[in-house]
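Visitor: I would like a quick tour of this protein. Could you take my questions one by one?

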Amino acid sequence: RDAYTDLDAAVAALDARTKEIWIAGNWYLTTGSYNFTPSRSIAIRGGFTAVENTPDERPSNSASVIDGNNQYNPIVINNTLGISAEVDRLVLYNSYDRGIHKAGGGDLSVISCTFLTNGVHGTKNQGNGKGISITSASGAHVFVTNTLFMGNMLIDEVYDGSTGQGN
């Protein structure tokens, strides 16, 4: 099995047979959102060195870092079929808005991830979910395990120039 060293290639390779996307290495500078629209349950896994045959072979405590480069929603999961999605061992850092945005039904599991300094400049109505945002997910469950949220914030410049902080 191959781990991708390029997230654009990983997204381009997504098809009806894809069950997992393995990401190798660190510091993927994004130029926008990586949009995943899975047709079956999907796992997006980081922390690979590109020599593993199973996720259990990854080095312990390894993760792949996705630097949002001050862009909007580095990972977007459009789940129109209501199937489950899993994100494992990613560090989502420095996005303009949210580290992960999931739209649609189906459960979301976030395992051993870190969300650092994700935020937005905007209005009070945009203040939800700076680390993870979930919309249109009636009946879905979200499971967060061994995950750190730190320094994710909303800076409200439209109404009164004050700042608010929250994860």
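The questions and answers below go through a predicted model.

Visitor: How many helices and strands does the secondary structure come to?
Guide: The model is predicted, so this is a count on a prediction. The protein has 167 residues, and buried ones make up 43% of them. Its secondary structure comes to 1 helix and 17 strands.

Visitor: What share of the contacts with a separation of 6 or more comes from residues 24 or more positions apart?
Guide: Take the contacts in the protein with a separation of 6 or more. Now pick out those between residues 24 or more positions apart. Their share is 65%.

Visitor: Are the planes of Trp-22 and Phe-48 stacked or edge-to-face?
Guide: The count of aromatic pairs comes to 2. In the pair of Trp-22 and Phe-48, the ring centres are 4.4 Å apart and the planes meet at 10°. Planes under 30 degrees apart count as stacked. Therefore the pair is stacked.

Visitor: Which strands hold Trp-22 and Phe-48?
Guide: Trp-22 is buried, and Phe-48 is buried too. The pair ties together parts that are 26 residues apart in sequence, because Trp-22 and Phe-48 lie in two strands. Those strands are β1 (residues 20-24) for Trp-22 and β4 (residues 42-48) for Phe-48.

Visitor: Phe-115 and Phe-149 form an aromatic pair; how many residues apart in sequence are the parts it ties together?
Guide: The rings are stacked, 4.8 Å centre to centre with 5° between the planes. Phe-115 lies in strand β11 (residues 114-116), and Phe-149 lies in strand β15 (residues 148-150). So the pair ties together parts whose separation in sequence is 34 residues.

Visitor: Is Phe-149 buried or partly exposed?
Guide: Phe-115 is buried, at a relative accessible area of 0%. Phe-149 has a relative accessible area of 27%. Buried means under 20%, and exposed means over 50%. So Phe-149 is partly exposed.

Visitor: Which residue has a side chain joined to that of Ser-95 by a polar contact?
Guide: Ser-95 sits in the loop between β8 (90-93) and β9 (100-104). At 3% relative accessibility, Ser-95 counts as buried. Residues it touches include Gly-68, Pro-74 and Thr-117. The polar contact spans 2.8 Å, and the partner is Asn-118.

Visitor: How many residues apart are Glu-86 and Arg-45?
Guide: Side chains of opposite charge can pair when their charged atoms come close. Glu-86 and Arg-45 form a salt bridge, with the closest N and O atoms 2.7 Å apart. Glu-86 is in strand β7 (residues 85-88) and Arg-45 in strand β4, a separation of 41 residues.

Visitor: Where does Arg-58 lie, the salt-bridge partner of Asp-88?
Guide: The closest N and O atoms of Asp-88 and Arg-58 are 2.8 Å apart. Asp-88 counts as buried at 5% relative accessibility, and Arg-58 counts as buried at 10%. Asp-88 lies in strand β7, while Arg-58 lies in the loop between β4 and β5 (64-67).

Visitor: Which residues are linked in a network of salt bridges?
Guide: The count of salt bridges comes to 6. One of them joins Arg-98 and Asp-97, with the closest N and O atoms 2.2 Å apart. The network links Glu-20, Arg-45, Arg-58, Glu-86 and Asp-88.

Technical notes. Residues numbered from 1 in each chain as written. Predicted model: local features only at pLDDT ≥ 70, side-chain atom pairs only at ≥ 80, totals over all residues. Heavy atoms only, no water. Phe/Tyr/Trp six-rings, centres within 6.5 Å; stacked < 30°, edge-to-face > 60°. Helix = DSSP H or I, 4+ residues; strand = E, 2+ residues; numbered from the N terminus. Buried < 20%, exposed > 50% of the residue type's maximum accessible area, 1.4 Å probe, protein only. Polar contact = N/O pair within 3.5 Å; in protein donor to acceptor, adjacent residues only side chain to side chain. Contact = heavy atoms within 4.5 Å. Salt bridge = Lys/Arg side-chain N within 4 Å of Asp/Glu carboxyl O. Lists of a residue's contacts leave out its neighbours within four places in sequence.
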